[in-house]
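Please keep the sequence and the structure in view while reading.

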Amino acid sequence: MGDISKDIKSKFANNKVKAMLNIIYTANWINSIHNEFFKTFGVSPQQFNILRILRGAGAPLKVQEIKARMLERAPNATRLMDKLCDKQLIQRLPCPGDRRVVHIEITEVGLSLLKEIEADLKDDLLDNLSEEEAATLSNLLDKIR
């Protein structure tokens, strides 16, 4: 098991400082692993998140709705969607009632890619935790926010 004190060769003023730095350090560790994993599929973790949002919605969504549901509030969400359109994973649909509004929907190609990714996606990053510990961790993270 990891120990942030040893990993970054540092001591901390108190446990709250240690916990905050540990959250940042762990988030970066998870992001690195996810970036490498998703790179093999030609998408970023944020693009994967957009695809999952669209599949889960079951209907086309406005860009603002997608942005609001994203795990990571990316200011470049429109650019992320442009790249997904270029790869034919999503498509833009004009809103019949308002030409200024565009809806986004996932394509069959996008749905197929999600299935392929999810077949390889492992949740083993939390293998060291029991279900009860995972629930406690989740509750503590919720409490911080």
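## Helix H6

Helix H6 spans residues 108–120 and has 13 residues. From its first C-alpha to its last H6 reaches 19 Å, close to the 18 Å expected at 1.5 Å a residue; the expected span of a helix is 1.5 Å times one less than its number of residues. Helices (H or I, at least four residues) and strands (E, at least two) are DSSP runs, numbered from the N terminus. The model is predicted: local features need pLDDT of at least 70 and side-chain atom pairs count only at pLDDT 80 or more, while totals for chains, interfaces and linings use all residues. Residues are numbered from 1 along each chain as its sequence is written, and side-chain values use heavy atoms, with hydrogens and water left out.

Which residues of H6 are buried? They are Gly110, Leu113, Leu114 and Ile117. These residues cover an arc of only 105° around the axis, which puts them on the same side of H6; the arc is that of the directions from the helix axis to the C-beta atoms. On the other side of H6, Glu108, Lys115 and Ala119 are exposed. Buried means under 20% relative accessible area, exposed over 50%, and partly exposed in between (1.4 Å probe, protein chains only). The cover over the buried residues of H6 includes helix H2 (15–39), helix H3 (45–57) and strand S3 (98–106).

## Helices H3 and H5

Two packed helices are described by the angle between their axes and the distance between the axes. The axes of H3 and helix H5 (residues 77–86) come within 10 Å and cross at roughly 80°. Axes are lines fitted to C-alpha atoms, for helices over the stretch in contact, and angles run from 0 to 180 degrees between N-to-C directions. H3 and H5 are therefore roughly perpendicular to each other (angles under 35 degrees count as roughly parallel, over 145 as roughly antiparallel, 65 to 115 as roughly perpendicular and the rest as oblique). On the H3 side, the contact is made by Gln46, Gln47, Ile50 and Leu51. On the H5 side, Ala77, Leu80, Met81, Lys83 and Leu84 take part. Contact means heavy atoms within 4.5 Å.

Gln47 lies in helix H3 and counts as buried, at 5% relative accessibility. Not counting residues up to four places away in sequence, Gln47 touches Gly42, Leu80, Lys83, Leu84 and Lys87.

Cys85 lies in helix H5 and is buried, with a relative accessible area of 18%. Leaving aside neighbours within four places in sequence, Cys85 is in contact with Ile90, Gln91 and Arg92. Cys85 and Pro75 are ten residues apart along the chain, and their C-alpha atoms are separated by 18 Å.

Gln88 is found in the loop between H5 and strand S2 (90–95). Is Gln88 buried or exposed? At 55% relative accessibility, Gln88 counts as exposed. Most residues other than glycine have a negative phi. Phi of Gln88 is near 60°, a positive value in a residue other than glycine.

His103 has its place in strand S3 and counts as buried, at 19% relative accessibility. Leaving aside neighbours within four places in sequence, the contacts of His103 are Pro60, Leu61, Lys62, Gln91, Arg92, Leu93 and Cys95.

Lys9 lies in the loop between helix H1 (4–7) and H2. Lys9 is exposed, with a relative accessible area of 74%.
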